[in-house]
Amino acid sequence: MFGSVFRFEIRYWLRQPMVYVFLFINALLVFGAISSDNVQIGQSFDNLNVNAPYTAQAMYGYMSLIMLLMVTAFVQSAALRDFSYQTEQIIFSTPLSKVSYLLGRFLGACLIALVPLLGVTLGVLIGPMMPWVDPERVGPVVWEAHIQGMLLFGIPNTFIIGVIVFGIAAVSRSTIASFVGALALLVGYSIAGAFLGNLDNEQMGNLLDPFALGTFQNLTKYWTVVDRNTLVLQPTGEMLVNRLLWTGVAAVLLVLFIRAFSFSVERRSLFRKKAPEVEPDEFEAVPSLHGALPVSALSFSSGTHWRQMWSQTRVDLKGIVKSTAFIIILLFGITNMGFALALSEGAYGLSQWPVTYQMINLVRGTMYLFTIVILTFYTGELVWKERVARVDEIYDALPHPIWVTALSKFLAMTGVLLAIQMLAVGFAVVAQASKGYFNFELGVYFWEMLVLDLLAMLFLAALSFLVHAAVNNKYLGYFMFIFLVILTTFIWGPLELDSVMLRYGQTPSYTYSDMNGFGPFVLGLIWFNLYWFLFAAILLAGTVLLWQRGKDTALSVRSFNARLRFRGSLRLATGFLAVTWLVTAGFVFYNTEVLNEYTRTKESERLTARYETDYKALYDGMHQPRVVDIRYEIDVYPGERDIGVRGEMLMVNRGDAPIDTLFLNTPSNLESSFEIENASLVREDEDLNVQFYAFEPAMQPGDTLTFRYSSEYVSEGFENQLSFTQFVPNGSFFNNGLVSPQIGYQPGNEMSDRNERRKMELPERDPMPTLDRDCTTACMDNYISNFSDWVTMETVISTSADQIAIAPGSLQEEWEEDGRRYFRYELDTPSLGFASFISADYQVDREEWVQPNGDVVDLEVYYHAPHTYNTDKMMNSLRKSLTYFSENFGPYAHNQARIIEFPRYATFAQAFPGTMPYSEGIGFIARIVDEDDIDMVFYVTAHEMAHQWWAHQVIGSWMEGATLLSETLSQYAAIMVMEKEYGRDQIFKFLRYEMDAYLRSRGSEALKEKPLHRVDASQGYVHYRKGAVVLYYLKEMIGEEALNAALREVVEEHGYSGPPYPTSYALVDRLREATPDSLQYLITDLFEEITLFDNRVVGNPTYVELEDGRYEVTLEVSTTKLQADSLGAETEVPVNDFIDVGVLGEPEDGKERGRPLAMERHRLTTGTHTFTFVVDEMPWEAGIDPSYFLIDRIPDDNLKRVRAN
Amino acid sequence: MQLQIDNLSKTYPNGVQALKGVSLSIDKGMFGLLGPNGAGKSTLMRILATLQDADEGSASLGEINVLTQKEDVRKVLGYLPQEFGVYPKISAVDMLDHLAVLKGVSSAGDRKELVEALLTRVNLWDDRKKALSGYSGGMKQRFGIAQALIGDPRLIIVDEPTAGLDPGERNRFYNLLAEIGEDRIVILSTHIVEDVRELCTNMAVIDKGELLYAGSPDAALETLAGRVWEKTVAKEELPSHQEMYKVISTKLVAGKPVIHILSDQDPGNGFRSAETTLEDVFFSRIFRLA
């Protein structure tokens, strides 16, 4: 019996187009993702072979999410077919058994549901064969990836989804309930994702993910490019456990569902009691037929129409809110959102203060998907409500105008969306309060969620209504709507049309900032919303015209009815809307395309390429004058968002040849004029902002010339996308690169992405010149600027009366003039030509700190008044950093150290001479409650402070390894200050995150991983993350004193010196000298090679209690050392290294690790080693390199619990 | 007020011609529309109820052009479709109130009074708070009647209203209709001949979209007076009789076929004169015998 049901099911589906359509869709999606970098599924695989086994395997995983829909379609149809065709009475009265009926149907449908997954296989196999695919990125076909993709994801996920959806559908006999089951799985996946975000919860997340996709990502996170191009994840360890767990759960559920299924026409109720049968009426006396019905006045006035609209809105609103699907989807959304709100975390496992904009982002990321599902589903439901309920004939024959119907359904949708939004706000506020944050900023919630986001949703709803009214087929309507939304979002990119006016319902993107509110974005948001609002209103008018009333669906009849409707007030209203919309569109167009022109994305890519092709060969490295002194006069007009800059630069010919041509990069998007002594403009390339000047007479060696310029930005109207978030009402922050010209060809402007370059037919390039030990001419530029060295600078900066403006150097003068504030700053020490200018309404905390030589340094924190949370920590960090650095590296060079908050349009902190702008989005709202938490504010401040030595005193030359001198050493310096303040445990925790980030990022390296001494400026994961781990380890091995002494020598030799500028060898050589002979290998391993370890405990460490009450611990460890090449291919090298082995005690409450009971440093060789320790206390854990000093591919197996022997 | 239908034709996109040049005048009172399933009754009624559009012809209700002044028709229309459902999760009283608003009963007080009266009249008062979706077929039909009566309509169209009603309910419904139908136009479509005989002052027979008869039931009977004959026959005899005579109908009486035939003279051969019924009129028209 089972066999025949099963075969019937298969044959049934093989005749249905759905199987092949799904197969085709999957194949197309995967084919697109494989063969083009513009199509992306899940994540970017751009740095790998297009058909890398990792990519192939991941595709099966990601497609599980899409299969959720497809499997649902198959199995729920299989489960409900007899009920929807009402053949259940016939089937259930045959001798078929329940089990064979259900299992046959289920397994048949499941097997068929696997067919579309073959589309993944096809896509991965065919994609690489396309002629446009770069042959260099095609690897061999790895069948194992496909097999494991099917075994790990395809088959189990289909089964798991199938059981849940089929089971619910069969038992409840309801389509909606089964869709809800599918949604539940999605929520499970998302919750597992939330767990995977924190290093301490990874294991939990690995098991919780019902699709094992998060598990896959987590287990492969340290895979390098070579790994990803060659390896396949095997079903072992946590992956295997996850698969067994979920398949097991599904199998048990299947049995339960089969038991619960009632093999009869009567449904066994799952959720609630069946509505009581209505008793047939008794045959009672005929009620009075006489006595006329009350005659009520009929009114067809507009007042009646509004009342009708209200009544219909109420009925529809209640209908949605009471429907089971709505409640359940909403509950899922809330669950999803609730987890995110409760678990929200920032970097290093730290929590942030739950400021309102963060909450809003979380709500958007977790709730809106569900809201959009509700919107999509219920707009269709509302349009079809009367017809589905079969009240349409009664309803359509009533005398209400049809606009009442259309409009009230739109209003009902509005009501539902508004209610959901308000509910979400409520949850967010509760989440804030529960974290002890009470500055709710209801205004921000109101504007972002109840106005802007709600409007965006309503625009979608209007489109959906129109589509459903026009298409007049429910499912085609859903499809068309989704198709249109996707189309209007994605079609314009390839067509090179960037105008937001073409992207239905979208507005220029905006960022709310505590400091600046909606600031510069307001005008654009208002106009774009008005533009779409009117457009949506026109769509609604169209909806009214096309709305199906009555039974005739023929096109001729519908257009006849549309003409009948299009008269009177509807005609007037539509005409009015159309005219207003056209006028608005004209105004928006004028502002975004005429008043504020912009360069289209593709065009700017071509321009970037042209800069290189046209000028690099001739002008890169051409001898140019150097800037030695700069005077700025800057006027900031915060309210107007205008800026005026006048600069006077002194240029010197430092070389030994005359200069006859000046290559000038003018500030883009600013109106500028230049006045250069002895020079005249000879050529201009306006598109690229390049100008050439000829010196007449030529500039002789040693000659000095003045260069005056003025640049201004006057903001007008609003833009398609705001171009300058640097100029805003409160918190203007810009650097000199933005507002002043640059001299000479700038390699930094070249296109860096390797694949993009190939597309533009640009040659492969190294981001920086190759490291050269004996550089002479190649070290003449530092990596910050190639046209200035150590400059003197004076700035007069003015701003509005309520703001403070800050420029580099000491404040010399401050005055008011014409209602504006003026400040004059002067650099105390010649510094790098790298300056920031800031203006905002600040609170200032001030302190003084005295240098060892007695000089006073002003410590200042400028902050947005409400952001007081961490200013004390910043001040403390400034003080501690200055103390440690001046003691160990040399004196501080400025008379002030300033931290200045700027709006969160960018989220970084950056060090300028004596000045450290710091985004409101990071430290200012970080929330450090637990004493074990990493004090990120303290750390970032210390890091930026360290740059005052490492970058602003010692600056590397424009060459690989430059950032070792600045970023890595600043990391080290910051860690040392942090260690003094918070102790070693915090550092260990910090370094675990650094190591995790390093190992993770290696896999997504787009070019080549380089060892530290040759690191590229763009390789943050190497110079920050690996650098931190490596330097701390070196300090551990050679001692803080020796290391700091070496660093001090570097400062003494290279501080404020150059050109020529030092290379990374200036440091590495110095460290080599400071390192004893026995440890010389360290310098090679840490700086000159990419070295990794695989250290682990073998078996379980054991202990015996000795007679004297002490414990003897026996421990076997193994160690392997690897060297990786630039793509991550590893070769084993012999170990001959000093490595710690030790025993730890039980951790105290709330601590992650216990106190070391024994710790020994041994010179280990490759292979296994056995150690015995005698310790005083009960041992807890034992292992190799327990402090994670070494970069270890799998750090988790370094320690294991000690068990009694 | 008179409903005047002229030469109304309707063809569906699939080629089925539902109405072929139907012309009718309908005055105040009950008007029965007789025809077998698929005759075009519902199409005609839906056109009159503004739910469908005719391809040709015209229809007017007094001064109102039914085909173009749909809003005006709807203001005076009460319509009970052949099949209808209800919104889920809404009570009878709420739904009726909502429909009354849409009908134009704007004042809340009037509406409350009207809804109460209607629900009492159709005997649903005790069940008014129950969800409509839980109503039995008969209760639902009564609700349908109640909504058709909102707003004192001048034109009431009821399409197969008694399907699914038990005999008692059917009686009550017809009494109600008869009472209401005194001073307005009530069009009742049915395929049950007896209904028309009992209720209607005028009637029409349509089949395959064509109007076969229009007039009073009495006049219709008159046309066949003395021309209908009946005979009990054996099963084997049926085919030969069907060839020989204009057979109006074949019915089983106590398990034996009784045939009615149309004949101007006494056909002899064991036939006896039968009392003419409306059913005879109906079938003879449909089979184009007379």
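Over how many bridges do strand 6 of chain A and strand 7 (residues 690-699) of chain A pair, and in which sense? The legends below take up this pairing and several other close-up views.

This is a predicted model, in which local features need pLDDT of at least 70 and side-chain atom pairs count only at pLDDT 80 or more, while totals for chains, interfaces and linings use all residues. Residues are numbered from 1 along each chain as its sequence is written, and chains are lettered from A and ligands numbered from 1 in the order in which they are written.

**View 1. The sheet of chain A with the strand order 6-7-4-10.** Strands here are DSSP runs of E with at least two residues, and helices are runs of H or I with at least four, both numbered from the N terminus; two strands pair if DSSP finds at least two bridges between them. The sheet is open, has four strands and shows antiparallel pairing. Because strand 6 (679-685) and strand 10 (742-743) of chain A stand at the edges with a single partner strand each, one side of each is left without a neighbour in the sheet. Strand 6 of chain A is joined to strand 7 of chain A over six bridges in the antiparallel sense, and A:L681 stands opposite A:Y693 in strand 7 of chain A.

**View 2. The sheet of chain A with the strand order 26-25-28-29.** This is an open sheet of four strands with antiparallel pairing. Its edges are strand 26 (1156-1165) and strand 29 (1199-1201) of chain A, each with a single partner strand, so one side of each has no neighbour in the sheet. Strand 25 (residues 1136-1145) of chain A runs antiparallel to strand 26 of chain A, and nine bridges join the two; in strand 26 of chain A, A:R1163 is the bridge partner of A:F1138.

**View 3. The side of chain A that touches chain B.** Counting two residues as in contact if their C-beta atoms, placed from the backbone, lie within 7 Å, 41 residues of chain A are in contact with 55 residues of chain B. Helix 13 (302-322), helix 17 (392-396) and helix 22 (555-565) of chain A each supply at least two residues of this side, and the largest share, eight residues, comes from helix 13 of chain A.

**View 4. Chain B.** Chain B holds ten helices and 14 strands, and along its principal axes its C-alpha trace spans about 70 × 40 × 35 Å. Among contacts in chain B between residues at least 6 apart in sequence, 67% join residues at least 24 apart.
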